[in-house]
Structures are given as C-alpha cells and as structure tokens.
Amino acid sequence: MKRRFLFLISVPTILIFVYFFKGGIILNTFGLHIDRPFHKVVQVPESYSLIDSNANSIADPIDIVNSARKEVEKRTLYKSAYYDGGYPPDDEGVCTDVIWRGLKGADIMLKDFMDLDIKKHSDLYPRVNGKPDPNIDFRRVPNQDVYFKRYTQSLTTDLIPGDVKNLEQWQPGDIVVFLEKGFHHTGIVSDKRDKDGTPYFIHNIRPFAAEVKLSSFKTPIAGHYRWKY
C-alpha cells in the first residue's frame with residue numbers, strides 16, 4: 001500500500017513566499033500590510049548653486065536650509081504679533097520668519113531689501129496700502145510674494161512625485177508660497193527628499209516650526225522662487 005504524504009504549509013510560510021516571489025504585496029485577506037521591499041528610489045540630481053558668498057565652505061542654498069532648519073530643531077513657537085523694530089524674539093515667529101531667517105544664513109538681509117523696495121513702490125504691495133510700516137511689511141506673505149516675483153527667479157509651481165525632470169526643478173533653498181483665500185503660507189524647500197523624490201518643506205505653522213513632505217499640502221502652490229545668488 002502506497003503511503004501518501006500530506007505536506008502542511010502554514011499561512012505565514014505562504015505569505016513569506018508570495019512576498020518575496022512578487023517583490024512585496026499588500027495582503028488584505030489576512031489583515032496584513034507588507035510594503036514592497038524593492039521599491040525604486042527616485043534619484044533627483046542636485047543642481048543648486050554652489051556659490052558661497054559668505055566664504056564658509058557651504059553653498060548658499062544649503063546655508064539657507066541649515067539656517068531655516070534651526071527653527072525646526074528648536075521648535076520655534078508659532079505666534080503672530082507686531083514688534084517694534086520688526087523682528088520677533090528668536091523663540092517665536094510665523095511662516096514668513098522662516099524665510100528671512102533662512103536667507104540670513106547666506107547673509108541675505110531680506111528686511112532691508114524689502115523695506116527699500118516698498119518705500120519706492122508701495123503701490124505694488126497689497127498689504128501696505130500706501131503706508132509703509134517697516135515693523136511688519138516684510139513679514140506678510142503677499143508682500144514677500146510680490147518682492148520675490150520682482151527680484152528672484154520664478155520656477156514651476158507643478159510638483160510631480162516620481163518625475164525626475166520635474167523634481168530637479170525643486171532644489172534646496174527654494175521658496176514656496178501659498179496664496180489661497182484663507183491660507184497665506186510660505187516656507188523653504190529642504191535638502192531632504194522622500195523615496196519618490198518629493199522634497200521636504202521647512203515652515204512654521206501652529207503649533208511650531210516643522211519639516212514636512214511638500215506634497216502633504218493640497219492647496220495649489222502660487223509661487224516657487226529661487227534667490228539670484
């Protein structure tokens with residue numbers, strides 16, 4: 001009499017086999033989620049300016065990122081207020097403060113540039129109303145947007161994860177502006193990217209400064225700018 005052998009293969013064994021055979025799948029049948037282990041990482045070329053205007057052996061765009069990231073590291077409190085002299089205390093601020101603080105890392109004094117241009121062309125700045133106020137004008141998102149449109153390089157506002165050609169246009173130190181009704185916001189593009197090539201974004205929004213994936217914003221991007229180093 002011939003003996004018949006019954007091979008019992010456990011469910012975990014099957015799952016492991018399928019996982020490696022298929023390169024990783026999502027298994028809802030058993031309520032399990034397994035990411036693809038061989039998911040291709042999008043490599044985006046670094047094409048930012050290598051100019052080092054303050055001679056500290058760090059390219060200006062990276063100086064800007066490093067300076068902005070300090071806001072994240074110390075968790076700068078989001079607080080909107082009016083300050084004599086214009087500058088808020090180091091431990092508090094709003095989204096626009098990330099911009100001038102970041103640029104300051106490359107010895108770019110945004111307030112000085114904006115105050116001068118607003119004084120000469122106050123009619124161009126929507127939040128000035130013909131009455132320049134150096135204590136606050138440079139910290140308003142629409143005013144920064146006007147200045148960047150006038151004096152920096154305007155770039156694509158389309159962000160396409162996984163598209164190398166598109167993502168190469170998003171480089172560290174770039175400035176991003178949102179101007180939807182009820183949501184005026186701004187921040188700086190990080191030197192950190194997700195696996196799909198999408199850059200991270202350094203900003204300050206309640207309760208404090210943070211670094212998040214740029215594509216996490218569903219609001220259309222109104223402006224994407226790069227300082228002319």
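A charge sits over a ring if NZ of Lys or CZ of Arg is within 6 Å of the ring centre and within 35 degrees of the ring normal. The exercises below use this rule and a few others on a predicted model.

**Exercise 1. Charges over rings**

Task: State which ring lysine 192 lies over, and at what distance from the ring centre.

Solution. Lysine 192 lies over the face of tyrosine 200. The distance to the ring centre is 4.3 Å. A further case is lysine 111, whose charged end sits over the ring of tyrosine 87, 6.0 Å from the centre of that ring.

**Exercise 2. Two helices**

Task: Classify the crossing of helix H4 (residues 110-120) and helix H5 (residues 141-151), and describe their contact.

Solution.
- Step 1: The two axes come within 11 Å and cross at roughly 85°.
- Step 2: Angles of 65 to 115 degrees count as roughly perpendicular.
- Step 3: H4 and H5 are therefore roughly perpendicular to each other.
- Step 4: On the H4 side, the contact is made by Leu110, Phe113, Met114 and Asp117. On the H5 side are Asn143, Gln144, Tyr147, Phe148, Arg150 and Tyr151.
- Step 5: Sorted by type, the residues of this contact are six nonpolar, two polar and two charged.

**Exercise 3. Aromatic pairs**

Task: Classify the pair of phenylalanine 148 and tyrosine 225, then that of phenylalanine 201 and phenylalanine 217.

Solution.
- Step 1: A pair of aromatic rings is described by the distance of the centres and the angle of the planes.
- Step 2: The count of aromatic pairs in the model is 13.
- Step 3: Phenylalanine 148 and tyrosine 225 are 5.8 Å apart, centre to centre, with 35° between the planes, and the pair is tilted. It joins helix H5 to strand S10 (residues 223-226), across 77 residues. Both phenylalanine 148 and tyrosine 225 are buried.
- Step 4: Phenylalanine 201 and phenylalanine 217 have centres 5.3 Å apart and planes at 80°, and the pair is edge-to-face. Phenylalanine 201 is in strand S8 (residues 199-205), and phenylalanine 217 is in the loop between strand S9 (208-213) and S10.
- Step 5: Buried means under 20% relative accessible area. Phenylalanine 201 has 0%, so it is buried. Phenylalanine 217 has 17%, so it is buried.
- Step 6: Ring pairs also link Phe113, Tyr147, Phe148, Tyr151, Tyr225 and Trp227 into a cluster.

**Exercise 4. A loop residue**

Task: Locate aspartate 158, and find its accessibility class and its contacts.

Solution.
- Step 1: Aspartate 158 is in the loop between strand S5 (153-154) and helix H6 (164-167).
- Step 2: The relative accessible area of aspartate 158 is 47%, so this residue is partly exposed.
- Step 3: Apart from neighbours within four places in sequence, aspartate 158 is in contact with Asn166 and Trp170.
- Step 4: The C-alpha atoms of aspartate 158 and tryptophan 170 are 9.7 Å apart, with the residues 12 apart in sequence.

Notes
Residues numbered from 1 in each chain as written. Predicted model: local features only at pLDDT ≥ 70, side-chain atom pairs only at ≥ 80, totals over all residues. Heavy atoms only, no water. Axes fitted to C-alpha atoms, helices over the stretch in contact; angles between N-to-C directions. Helix = DSSP H or I, 4+ residues; strand = E, 2+ residues; numbered from the N terminus. Parallel < 35°, antiparallel > 145°, perpendicular 65-115°, else oblique. Contact = heavy atoms within 4.5 Å. Nonpolar A, V, L, I, M, F, W, Y, C, P; charged D, E, K, R; others polar. Phe/Tyr/Trp six-rings, centres within 6.5 Å; stacked < 30°, edge-to-face > 60°. Buried < 20%, exposed > 50% of the residue type's maximum accessible area, 1.4 Å probe, protein only.
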